[in-house]
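Subject: The structure for you to look at

Hi,

Here's the structure I said I'd pass on. Have a look at it first, then read my notes below.

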Amino acid sequence: MLMKGKKGVVLGIANKRSIAYGIAKACREQGAEMAITYLNDKFQKKLAPIAQELGCEERLYPCDVTKAEEIAALKESLEKDFGKIDFIVHSIAFAPKEGLSGRFVNISKDAFNIAMDISVYSLIEVVQKLKPILSNNSSVLTLSYYGGVKYIPNYNLMGVAKAALEMSVRYLAEDLGKEGIRVNAISAGPIKTLAAAGIGDFSFMLKWNAAHSPLKKNVTIQEVGNSGMYLLSDLSSAVTGEIHYVDNGFNIMGMPAVEFDENGKPTIAWNGE
Ligand code: NAP
């Protein structure tokens, strides 16, 4: 039981397809105790059965990260439940639809600020507010995507947000290391979730990744969950500030592997078929 005795909080479970659910489940299976959060009343009911499955039906708390008072209230609740906590999973992102398709040059300041607030600053603020109850052997995990490093069609504004998120991971890791707090990100391959549905041509992205990654498949939330559990457990006690790719190796590719037919013509699987 790699997470026995570990207590923490998971932000960002919308449903059983959420990456955060995969991570929470893997942690629970390894003995962790946790609280989970929901965005608003609409999601509270939906999350109740998931909370029960994760053994935390008594620890299901509201937390809209745009509301500082809800983050502060979350800290109070966690302190009452656990005293100190050992891990935080931040699996939250949002950008207005206009930022996830169309021309990048047209992105408005409002859309930019919303995406940066919810997808980047929320990591800093959650850690800042929960820091007094983080143990001196704790681990914070957030979720990123390759579109924060290289151009990905339609990822647009979220690409800028993920670049800022990844840099925040490094600065937080340095700042908090002396207090025994590790901070890492998983850069996951594309997975069909609620958040992903907002990205233009997402199903093509899935096909492209499966066709052109070394392992020739898409990533599951179980796979991200297992890697997340490793980063939250003591197995990764010397790992911090890291952006860990869980993407079937897609990020190492500079060009798709080319095969040739009997006539010597390249048969690049351009659309995954
Ligand atoms: P998801 O299931 O839709 O999870 C996104 C979560 O963010 C939801 O629980 C959503 O809450 C929450 N959220 C949005 N605005 C919020 C706010 N103001 N306050 C609190 N929570 C808020 O999608 P997901 O794909 O698992 O996304 C989780 C993370 O993984 C995101 O950072 C995403 O960018 C990242 N990621 C996803 C992929 C992918 O392909 N799916 C790949 C790499 C990285 P509600 O649903 O209740 O609105």
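Quick term before we start: a polar contact is a pair of N or O atoms within 3.5 Å; within protein, one must be able to donate a hydrogen and the other to accept it, and residues adjacent in sequence count only if both atoms are side-chain atoms. This is a predicted model, where local features need pLDDT of at least 70, side-chain atom pairs count only at pLDDT 80 or more, and totals for chains, interfaces and linings use all residues. Residues are numbered from 1 along each chain as its sequence is written, and side-chain values use heavy atoms, with hydrogens and water left out.

Now the ligand. One of its oxygen atoms is 3.1 Å from a polar backbone atom of Gly12. A ligand oxygen also lies 2.9 Å from a side-chain N or O atom of Lys162, and for the side chain of Thr193 the distance is 2.5 Å. The protein covers 91% of the 880 Å² of accessible area that the ligand has on its own (Shrake-Rupley method, 1.4 Å probe; for residues, only the protein chains shown count as cover).

Who sits around the ligand? There are 28 residues, with Ser18, Ile19, Lys162, Ile191 and Thr193 coming nearest ("near" means a heavy atom within 4 Å). By class, that shell has 19 nonpolar, 7 polar and 2 charged residues (Ala, Val, Leu, Ile, Met, Phe, Trp, Tyr, Cys and Pro are nonpolar, Asp, Glu, Lys and Arg charged, the others, Gly among them, polar).

And where is the ligand? It takes up the space of the largest pocket (more than half of its atoms lie within 2 Å of the grid points). A pocket is an open set of points on a 1 Å grid over the protein atoms alone, where a 1.4 Å probe fits, with protein on both sides within 12 Å along at least five of seven lines; lining residues have an atom within 4 Å of a point. Its lining has 30 nonpolar, 10 polar and 3 charged residues.

The second largest pocket has 19 lining residues, and Tyr151, Ile152, Pro153, Trp208 and Phe250 lie nearest its centre.

Cheers
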